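Welcome! Here is a short tour of how two chains come together, written for someone meeting them for the first time.

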Number of protein chains: 2
Amino acid sequence: MAFSLHPKLAEDSLPVAELALCDLLLMNDRRFPWCILVPRIENLRELHAVPADRQAVLYEEIGATSRALERVAGAEKINVAALGNIVAQLHIHVIARFSHDAAWPAPVWGIGSAEPYAESCERAQTLIAALVAELTHHLR
Amino acid sequence: MAFSLHPKLAEDSLPVAELALCDLLLMNDRRFPWCILVPRIENLRELHAVPADRQAVLYEEIGATSRALERVAGAEKINVAALGNIVAQLHIHVIARFSHDAAWPAPVWGIGSAEPYAESCERAQTLIAALVAELTHHLR
């Protein structure tokens with residue numbers, strides 16, 4: 001069975017790009033510049049279960065996404081996490097944090113409710129375009 | 001200036017072992033089998049700032065700690081995160097999660113208060129000894 005993105009991840013996010021290993025998504029929550037990386041490997045649940053020959057590229061994509069968010073969003077801090085207690089499909093959160101954001105200094109999960117970007121929102125489109133420009137060497 | 005463990009991390013945890021790159025700690029919270037990895041590199045704040053020549057060993061130690069917790073604690077899910085919004089020194093959480101634990105399915109941070117292991121607690125000592133035995137090939 002081929003890889004397919006978990007419907008809950010697709011529903012909560014906007015697509016950004018296909019990187020060499022991962023689908024890159026932007027969480028549809030304008031409170032936080034918040035990316036999700038999903039390795040296109042079927043039935044993958046745990047970070048430590050990523051096949052040995054794909055680990056380096058995964059960590060490269062996590063690092064590149066972190067640096068891109070730092071530059072594009074001017075993040076004060078990057079939060080990286082693989083949780084997956086609710087959606088089992090392995091996905092890695094990479095989140096730009098600010099000392100004035102809605103959850104600081106707590107983690108973002110479970111704080112209030114997502115505030116989706118407006119339909120065809122220029123802010124989301126600008127953020128996505130800037131991320132793609134930063135990640136050009138990592139595109140599939 | 002040499003590396004020294006942030007006092008807040010030391011205060012909240014029990015020492016487990018020195019791995020090749022990281023100090024391995026056990027959070028002093030018996031609600032969760034919860035490890036912390038701290039790379040012994042001074043002034044390190046972000047995961048993506050780990051020097052290129054130390055990244056592979058860091059990810060190896062994260063993976064080995066995850067597998068060790070899975071085996072030793074019988075974890076249903078492993079949560080991995082580098083947050084650092086409060087304690088800036090880079091530290092990576094590796095947490096054994098269970099569908100019956102005190103925070104499930106939410107992340108563990110900000111849920112209730114830590115419940116320290118009792119003084120000279122056999123449970124903590126047994127867990128630490130089992131982790132060290134699993135990680136014998138990664139010791140400094």
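Predicted model: local features only at pLDDT ≥ 70, side-chain atom pairs only at ≥ 80, totals over all residues.

Let us begin with the symmetry. Chain A is superposed on chain B by a rotation of 180 degrees with 0.0 Å of shift along its axis, at an RMSD of 0.0 Å. The two copies are thus related as by a two-fold rotation axis. In chain A, the C-alpha nearest that axis belongs to A:Ala81, 2.0 Å from it.

Now to the contact itself. It takes 25 residues from chain A and 25 residues from chain B. On the side of chain A that touches chain B, α2 and β4 (77-82) each supply at least two residues, and β4(A) gives the largest share, 6 residues. The table sorts that side of chain A by class.

| Class | Residues of chain A |
|---|---|
| Nonpolar | 13 residues |
| Polar | 8 residues |

Strands β4(A) and β4(B) pair in the antiparallel sense over 3 bridges, and A:Ala82 stands opposite B:Val80 in β4(B).

Finally, meet helix α2 of chain B, residues 52-73. Its 22 residues reach 32 Å from first C-alpha to last, close to the 32 Å expected at 1.5 Å a residue. Among its buried residues are B:Leu58, B:Ile62, B:Leu69 and B:Val72. The cover over the buried residues of α2(B) includes α2 (52-73) of chain A, along with β4 (77-82) and α3 (122-134) of chain B. Just after α2(B), B:Gly74 takes a positive phi of about 65 degrees.

Key: Residues numbered from 1 in each chain as written. Chains lettered and ligands numbered in written order. Least-squares fit on C-alpha atoms with pLDDT ≥ 70 in both. Helix = DSSP H or I, 4+ residues; strand = E, 2+ residues; numbered from the N terminus. Expected span 1.5 Å × (residues − 1). Buried ≥ 20, exposed ≤ 12 C-beta atoms within 10 Å, placed from the backbone. Contact = placed C-beta atoms within 7 Å. Nonpolar A, V, L, I, M, F, W, Y, C, P; charged D, E, K, R; others polar. Pairing = 2+ DSSP bridges.
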